[in-house]
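Please read the following account alongside the sequence and the three-dimensional view.

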Amino acid sequence: MGRIAITALDPKHKVGVQFRSMSVERVSSYLAVFDFVRMVKGDIRTTAATLPHDRQFGFVHIDVDVYPIAKYCLEYFAPRVTAGAMIVVDDYGFRTTPGAKKAVDDFMADNTACRMLHLLTGDEFD
């Protein structure tokens, strides 16, 4: 997908920009009560290489707003989830994040063994 198409998919949100105000320290403090949570700061496309290759996940929450990162996350985490696990894509169904919806739709078209449950919590139905 070319640069113009990605820009058209994600007109409001930009890769590497929308989460700058969220500090790792603040999130780490909030999640400190969960001893099984490990915070890794950085772009998932780079930091994923620092995670154990054989790590499996029972629950993955993806909240990245834009197509290229949502696509990367789905492709990275899907083979690493345990049987019966769930991947939640926070931005599916919001008018302001059409790239995230397209990433899920593209992923689902290529991964027919996965099942999708579309929660009607986005703003597309307002």
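The chain exposes about 8,800 Å², of which carbon and sulfur atoms supply 57%. The model is a predicted one. Of the 126 residues in the chain, 27% are buried.

The chain contains five helices and two strands, and along the sequence these follow the pattern α-α-α-β-α-β-α. Among contacts with a separation of 6 or more, 70% are accounted for by residues 24 or more positions apart.

Attention may now turn to the second largest pocket, which has a volume of about 810 Å³. Its lining consists of 24 residues, and those nearest the centre are Met86, Ile87, Arg115, Met116 and Leu117. By class, 18 of the lining residues are nonpolar, four are polar and two are charged. Strand S2 provides the largest share of this lining, with nine residues. S2 and H5 each contribute at least two residues to the lining.

Is Asp91 buried or exposed? Asp91 has a relative accessible area of 7%; because buried residues are those under 20%, Asp91 counts as buried. Its side chain reaches the backbone nitrogen of Asp65 at 2.9 Å.

Conventions. Residues are numbered from 1 along each chain as its sequence is written. This is a predicted model: local features need pLDDT of at least 70, side-chain atom pairs count only at pLDDT 80 or more; totals for chains, interfaces and linings use all residues. Side-chain values use heavy atoms; hydrogens and water are left out. Buried means under 20% relative accessible area, exposed over 50%, partly exposed in between (1.4 Å probe, protein chains only). A polar contact is a pair of N or O atoms within 3.5 Å; within protein, one must be able to donate a hydrogen and the other to accept it, and residues adjacent in sequence count only if both atoms are side-chain atoms. On a 1 Å grid over the protein atoms alone, a cavity is a set of points where a 1.4 Å probe fits but cannot get out, and a pocket is an open set with protein on both sides within 12 Å along at least five of seven lines; lining residues have an atom within 4 Å of a point. Grid points are joined across faces, edges and corners, and a volume is the space filled by probe spheres set on the points. Helices (H or I, at least four residues) and strands (E, at least two) are DSSP runs, numbered from the N terminus. Ala, Val, Leu, Ile, Met, Phe, Trp, Tyr, Cys and Pro count as nonpolar, Asp, Glu, Lys and Arg as charged, and the others, Gly among them, as polar. Contact means heavy atoms within 4.5 Å. Accessible areas come from the Shrake-Rupley method with a 1.4 Å probe; for residues, only the protein chains shown count as cover.
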